[in-house]
Amino acid sequence: MTLPKVPLYRKFLDSLKFIRVPAIVKRFYSKYVWNKSVSDKSVYLTFDDGPIPKVTPWVLKKLEEYQAEATFFCIGENVKKHPEIFQQLLASNHAVGNHTHKHLNGWKNSTKTYLENTEKANKLIKSNLLRPPYGKIRAKQAKCLLQKGYKIIMWSVLSRDYDNAISQERCLQNVLNYAKPGSIIVFHDSLKAEKNLRYVLPKVLEHYSKKGYLFKKL
């Protein structure tokens with residue numbers, strides 16, 4: 001099957017790897033959730049790609065130290081491989097969301113494949129929250145999922161903890177420079193992101209706790 005070409009403006013946005021999503025993008029994709037409207041000092045920490053034995057339990061421990069709630073967008077295959085850690089997530093009263101079963105790139109897969117993969121993951125995860133891997137989802141895929149009752153969760157701030165080409169301090173500043181009340185912040189509880197995450201997460205929790213922020217789940 002030949003997939004439709006990805007519009008040039010999407011390729012342009014992808015190439016920039018925005019830390020903070022421009023307002024024009026949020027307006028264009030207004031049916032997606034980019035941030036939360038809040039009246040208090042709160043932020044929304046999210047973690048993609050788990051659960052992973054070496055990383056996710058450590059994240060849970062750090063969150064507990066600061067009485068922080070978070071949302072974990074889980075890959076179905078990882079839930080299947082590590083059901084005991086997924087149960088830890090549920091027991092810890094954090095929110096969970098769908099990150100597809102095989103971490104699919106929506107731009108490179110048909111709508112049928114993408115929807116089937118998402119539904120396969122949801123048999124394990126059972127959540128109406130969906131974050132498209134890489135933030136890449138086609139309009140038709142999104143329309144079908146929204147009609148099914150999913151909420152498509154994007155982000156306000158991308159930490160880029162997965163990027164080993166940037167320093168740990170740069171990763172930290174990606175968050176501290178841009179996060180504000182209502183921001184949805186992306187981290188990854190993955191082996192690829194582990195080095196940066198172990199440095200950045202405790203500092204983010206401490207920084208915003210001292211400023212009187214609350215960490216909430218979606």
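This report describes a predicted model, moving from its aromatic pairs to a helix, a pocket and several single residues.

**Aromatic pairs**

Across the whole structure, a search finds 4 aromatic pairs. One of them joins Phe47 and Phe72, whose rings are stacked, with 5.1 Å from centre to centre and 20° between the planes. Since Phe47 belongs to strand E1 (residues 42–48) and Phe72 to strand E2 (residues 70–74), the pair ties together parts that are 25 residues apart in sequence. Both Phe47 and Phe72 are buried. The rings of Tyr208 and Tyr213 form another pair, which is edge-to-face because their planes stand at 75°, with the centres 5.0 Å apart; an angle over 60 degrees is what places a pair in that class. Phe47 and Phe72 also belong, together with Phe187, to one aromatic cluster. A ring takes part in a contact with a charge as well: the charged end of Lys203 sits over the ring of Tyr199, at 4.1 Å from its centre.

Helix H3 covers residues 56–65, and its buried residues are Thr56, Trp58, Val59, Leu60, Lys62 and Leu63. The cover over these buried residues includes strands E1 and E2, together with helix H5 (83–91) and helix H9 (194–210). An α-helix has 3.6 residues a turn, so residues three or four places apart point the same way. Just after H3, Gln67 takes a positive phi of about 50°.

**The second largest pocket**

The second largest pocket has a volume of about 170 Å³. Its lining consists of 10 residues, and those that lie nearest the centre of the pocket are Tyr29, Lys31, Tyr32, Ala142 and Leu146. Helix H7 (residues 139–147) gives the most to this lining, contributing 4 residues. Sorted by class, the lining holds 6 nonpolar, 1 polar and 3 charged residues.

**Single residues**

The table sets out the relative accessibility of selected residues, for which the cut-offs are under 20% for buried and over 50% for exposed.

| Residue | Relative accessibility | Class |
|---|---|---|
| Ser39 | 82% | exposed |
| Asn122 | 17% | buried |
| Asp161 | 0% | buried |
| Tyr208 | 2% | buried |
| Tyr213 | 13% | buried |

Ser39 is found in the loop between helix H2 (23–28) and strand E1, and Ser39 is exposed. Although Ser39 and Gly182 are 143 residues apart along the chain, their C-alpha atoms are separated by 8.6 Å.

Asn122 has its place in helix H6 (residues 111–125), where its relative accessibility of 17% makes it count as buried. When residues up to four places away in sequence are not counted, Asn122 touches Asn98, Ser127 and Tyr150.

Asp161 lies in the loop between strand E6 (157–158) and helix H8 (168–176), and at 0% relative accessibility Asp161 counts as buried. Leaving aside neighbours within four places in sequence, Asp161 is in contact with Cys171, Phe187, His188, Lys192, Ala193, Asn196 and Leu197. One of these contacts, Phe187, is also part of the aromatic cluster with Phe47 and Phe72. Between Asp161 and Leu205, which are 44 residues apart in sequence, the C-alpha to C-alpha separation in space is 15 Å.

Methods:
Residues numbered from 1 in each chain as written. Predicted model: local features only at pLDDT ≥ 70, side-chain atom pairs only at ≥ 80, totals over all residues. Heavy atoms only, no water. 1 Å grid on protein atoms, 1.4 Å probe; cavity = no way out; pocket = protein on both sides within 12 Å on 5 of 7 lines; lining within 4 Å. Points joined across faces, edges and corners; volume = space filled by probe spheres on them. Helix = DSSP H or I, 4+ residues; strand = E, 2+ residues; numbered from the N terminus. Nonpolar A, V, L, I, M, F, W, Y, C, P; charged D, E, K, R; others polar. Phe/Tyr/Trp six-rings, centres within 6.5 Å; stacked < 30°, edge-to-face > 60°. Buried < 20%, exposed > 50% of the residue type's maximum accessible area, 1.4 Å probe, protein only. Lys NZ or Arg CZ within 6 Å of the ring centre and 35° of its normal. Contact = heavy atoms within 4.5 Å.
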